[in-house]
Amino acid sequence: MEKGLSVRRIVIAGVLGAIAILLGVSRLGYIPVPTPAGNATIMHVPAIIGGIIEGPIVGLIIGLIFGVSSFLDATVPLFKDPLVSIFPRLFIGVIAFFVYFGFKRFNEYVAIGAAGFVGSMTNTILVLGMAVIRGYFTLSVALGVAIANGIPEAIVALIVTLAIVTSWKKIGGSIKKKSKISEDI
Amino acid sequence: MTSRFELTRNITIGQYIPTGSVIHQFEASLKLLSFAILVVGIAICSSYTGNLILLAFSIALFGIARIPIHYGISGIKPALPFMIILSLMQLLFYGQAAQGETTLFQFGFILITTSSVQLVIVSAMRFIEIILVSSVLTLSTSTTEMTHGLEHLLKPLKYIKFPVYEFSLIITIAIRFVPTFAMEMEKLMKAQASRGAEFGTGKWWQIVRKTKDTFPLIIPLFSSAMERAEDLILAMESRCYTPGLKRTSYRQYKIALRDFLLLIITTLFSIFIVFYKFTY
Amino acid sequence: MKSDQALIQLNDVSFHYIVEKKKELSVLHHISLNIFPGEYVAIIGHNGSGKSTLSKLFNGILKPSAGDVVVNGWNTKNSQLIRDIRQQVGIVFQNPDNQLIATTVEDDVAFGLENILVPAEEMESRINQALRTVGLTGMNKRAPHHLSGGQKQRLAIAGIIAMKPKCIIFDEATSMLDTYGRKEIVKVMRRLNNDGVALVTVTHYMSEVVEADRVIVIEKGKIITQGTPREVFRQKQLLQSIGLDVPIANHVAEMVHQKYQPFSSNLIDAGEVVEEVKHFTTGGVSV
């Protein structure tokens, strides 16, 4: 991993950040699944993807954008608390990166899927954790939500992350900037 | 179903209502800082009186900004059901956690004390205050102003090698592309045939199916984002952009005395609200 | 206003891509060409001819695998000089949306100026001047997503004009626009060339090609012919053999010429056809 913010990282953080915001304000961010909440969100997936393809800094920034957007958008008192909506989200992309990096040498697909799953669980655990600390939920309620909703959501994130990252890599991610000039190929 | 297609080109990160009031004229960076300090004050203040003052102040802000109060109310309305549920939950389950003073009601595991009642009421007030204050902020500051304001606010971080301009460039790009992606999404959604109900067997299988159902929308959205990213990189580099290098700035940073006054007054106000020993 | 010193020189340039597992894909073979100050050059070729790779060699996005690209005396292989090269040679790309990064029109134009360290006092006038040239005056505070395709592309052009380059490359810059958008852009290009800016347009729209002083035809990575538009269109068979076409006006002229020899077949746009018709209907003699 190169150091710092290259133009590539700036741009990818920007566009994935835009998607994170969009998923948050539109109904697109919700996938109806048979869980207590009735929905699994994929709003945190851009941060996971950013962490996987461009590293922890980009993952952190996208997580920040997601968190602030979540805070500004919130209609639930829970998320109007920046410690619940913003702080935990910083870690999603960072942890996704480390999980991906750790599993990469065994199998690329396992690494991506695991990063998706763990990244999503990070979101679930840290958000609920802060909610408990700040007094919005009791520990037992939080644990219940984490299992009943968090696990299906993590599975959704795994599938979506895997689908997106593999399709991107197939299209042209590996040919770097030349992919855009491939009209001549 | 109609609400799904309301992702019009007018989607923005909050609306901007230019009324030219004094609040609109504050420099965005110090406005943001003052807002943050105010929010901290709101988050900490736990007295009845303090919150009453804050509530009145939040409402008054709309008047000062010359923004009709219904914008604030429309921010609170959707939250009401959640607030009621949350308050109920806190009332019923937090008696244990916040034991103290007079017990008002006890039945089984349910313990309601004066402290738990205070927690519920103050939480509700806090929530309303934050919504109102952040509404005034976003309604009185355009996104461009906010991005530049954030950039100026973070400038001191340059000394610890924090890439201030690059960070604000990321935010600018994100904000710039939200409406573009929204329109793209709308096109994709309209092109989708309406889906019938999927009857899979078993809960886990359903989850996988439902997720895959979103692929025709999600995957093109992300692919398009990546393609745009590749183009943007070329365009930015062709216009001589190099991260980290010195650059000049089109927007001039002009702080007036009143911006400092705003900051000072807000800080003093927050400190007062938090630390003054109100009787209630 | 052509001087002898070429603005852009390609000296025996070859280029290949490395595609997966070190496989080389050769795209350009021994190309030599010059672009002179103030010239208006069109580069045409079938898809896969190498023309889109060519445009990215002009400002150093791609470096030649063999040979040299020299801009204003600077070699594009020299990374120290790349920023200077890019200030002299700007590129307008195909997708209007993906060149705009800011939330308002004026901020986007300012981006390039900030990059090349233009003093703040100078910026406002340069921005407004650029907006005037592309016909977007008064739209300084507009958001990009409220602009039409043609307007977005004009904004992208403004962002480059403000940097005062000596040459602007238009890389299929009108392909994603409708007819109106395309006409707007061609108008702006004419205005720019009249102001002395050299233009290189890589395109497959014949209506743009007829505007140029010189046309270069690329096929399979080599230049197979070049000349004025009129000279090039005369080589109809050659063009058609590589999958290119001539302007409709030319077809019409040819068709009339088949039936009536004195009618010139060497016409390249609608205006000329009309003039030729006028000659014959008033008893004049064709050129």
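Residues are numbered from 1 along each chain as its sequence is written, and chains are lettered from A, ligands numbered from 1, in the order written. In this predicted model local features need pLDDT of at least 70, side-chain atom pairs count only at pLDDT 80 or more, totals for chains, interfaces and linings use all residues, and side-chain values use heavy atoms, without hydrogens and water.

Biologist: In what order do the 4 strands of the open sheet in chain C lie?
Modeller: Strands are DSSP runs (E, at least two residues; helices are H or I, at least four), numbered from the N terminus. Two strands pair if DSSP finds at least two bridges between them. Here the pairing is antiparallel, and the order is S2-S1-S4-S5.

Biologist: Which are the edge strands of chain C?
Modeller: An edge strand here pairs on one side only. That leaves S2 (23–35) and S5.

Biologist: Which residue in S4(C) is the bridge partner of Leu10(C)?
Modeller: S1 (residues 8–19) and S4 (residues 66–71) of chain C are joined by 5 bridges. Gln9(C) has Val70(C) as its partner. For Leu10(C), the partner is Val69(C).

Biologist: Which residue in the turn of the S4(C) and S5(C) hairpin has a positive phi?
Modeller: 2 bridges join S4(C) to S5 (residues 74–75), running antiparallel. Val71(C) partners Trp74(C). The hairpin has 2 residues between its strands, and the one with phi of about 55° is Asn72(C).
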